[in-house]
Amino acid sequence: MNFTALDWGIVGVYIALTLAAGLAGRKYVTNAADFLLAGRHLGKYIGIATLAATEIGTITFMYYAELGYKTGFASFINGLIAGVVMIFLGASGFMIFKLRDLGLTTVPEFFEVKYSRRLRLVAGVLVAVGGLLNMGVFLKVEGTFLTIIAGLPLSDLKWTMTVILFLELLYTVLGGMVSIVITDFIQFVMLSLGTVLVTGYVIWTVGWRHMQDAVMNNLGSNGFSPLSNPDYGWAYIAFQLLLWMAVDTCWQTTAMRTFATKDPETSKKVFFWTGFIFLGRGMMPMLWGIGALAYFGKGHDSLQAMPEMIARILPTGVLGLVVAGMLAATMSVNSSYLLGWSSVISQDIILPLRRRPLGQSSQVVLNRVVNVLVSLFVLFWGVWYVLPGPVYFYLNITGTLFLAGAFAAFIGGLFWKRANTVGGYCAMIGGAVGSVTYFFNIPAAYAGMSAFGLAALGMVLGSLVGGRWDRRFRLS
């Protein structure tokens, strides 16, 4: 291990600068719109930086590297789909243009605008449950990376998780989206430099030809073709296309960037250019995983292989820069997710249940309290939950728990005049039921496709058959 006092110094300076910048955002928070959406003033360049930083964290590098280690170059299909879908949405404006035009604050708010207040509450519960289960494994995976890189024993993992959570919670609770946007820009720069640096070191040290040979010798043709690889195939590709369409439009932390831009045209530009960043976001860490396969061989722990390789091949000083970049990624993603899920719980579950509305300052306080409670859940879930398979598949399915139904309900509400509240209920229930089958040993591809299929079927049949009962499902 090459992590020395110099590296700790680099990390310490970075943390101090980030906290100072984040805490400076407190003075710009005067109401709930500032706290949750930075006053809806995001321009193209800041929007690109904050969207990219929000969806590129240490956990992103970990699960993509794990896919690279386990499935070789075939894993590139995941990064390709993620980038191409985002570029398509930015170029066409499909859904995101209309969503920004509605002036929403959260994803479940759409259900009240287009369907009913009661359905907003149901959607809020599903979004919160899926989001919390999804984020629940972040700290453990990210803490594993940082613990290994720093040369600490894995027995210190819980302390690493706690420190990470405290740092990101500090400025998120105080400054909300304003602080997140400020720090996202810094973190985007650090993360970009670190990603390119590590990729170059891996290819130079391990060797491109050695990486190709390792994939062929260990995985055969399955390591190059996503169609022949048993973890992928046509069903998986179809699932990923639907999933990323839903993530880019209905995922709370991504949607908050859409809602926070200054106008719909800016939203299109932000998504279009961020899509190109997403191509590299997937493929470069997959190369790290392939490098780890070549470095260690098959049979190593698939999640720990990449950080263990990096800790050995990177020199002192460079390690500090990389850890600072990864810590940047961790704080950026987790702070946005904390804000995203706490905003859903406060705005779409607690407030709709109240008979009297809360004032702006009270809403900010409520969001801060919920932020802390969400953080505690994430910490405890990360400590004891054991993943049933690859991290990426788990994250896909917990997100699909609400994404499948929300995507069907969003398309129906935006583009189909006959869509109604009954259809919205059926879509959300169908999507959740299909997703849960993954935890009963159904492959992720089939569980995901069944979730989207049941959600679409529920939206169509529920709207057509349930029209006569639609008023009974609405809250006056």
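Modeller: Let's start inside: the largest cavity holds about 250 Å³ of space. Keep in mind that this is a predicted model, where local features need pLDDT of at least 70, side-chain atom pairs count only at pLDDT 80 or more, and totals for chains, interfaces and linings use all residues. Residues are numbered from 1 along each chain as its sequence is written, and side-chain values use heavy atoms, with hydrogens and water left out.

Colleague: What counts as a cavity, and what as a pocket?
Modeller: Rolling a probe the size of a water molecule over the atoms shows where empty space is left. On a 1 Å grid over the protein atoms alone, a cavity is a set of points where a 1.4 Å probe fits but cannot get out, while a pocket is an open set with protein on both sides within 12 Å along at least five of seven lines; lining residues have an atom within 4 Å of a point. Points join across faces, edges and corners, and the volume is the space filled by probe spheres set on them.

Colleague: Which residues are closest to the centre of the largest cavity?
Modeller: Tyr63, Trp244, Trp251, Tyr337 and Leu395, out of 18 lining residues. H4 (58-71), H12 (234-250), H16 (318-353) and H18 (391-415) each supply at least two lining residues, with the largest share, 5 residues, coming from H18. Helices here are DSSP runs (H or I, at least four residues), numbered from the N terminus.

Colleague: And where is the centre of the largest pocket?
Modeller: Asp231, Phe393, Pro443, Ala444 and Ala445 lie nearest to it, among 19 lining residues. The volume of the largest pocket is about 320 Å³, and H12 and H20 (444-465) each give its lining at least two residues.

Colleague: What about H8 and H19?
Modeller: H8 (residues 117-135) and H19 (residues 421-436) pack at about 10°, their axes 10 Å apart. H8 is therefore roughly parallel to H19 (under 35 degrees).

Terms used: Axes are lines fitted to C-alpha atoms, for helices over the stretch in contact, and angles run from 0 to 180 degrees between N-to-C directions. Angles under 35 degrees count as roughly parallel, over 145 as roughly antiparallel, 65 to 115 as roughly perpendicular and the rest as oblique.
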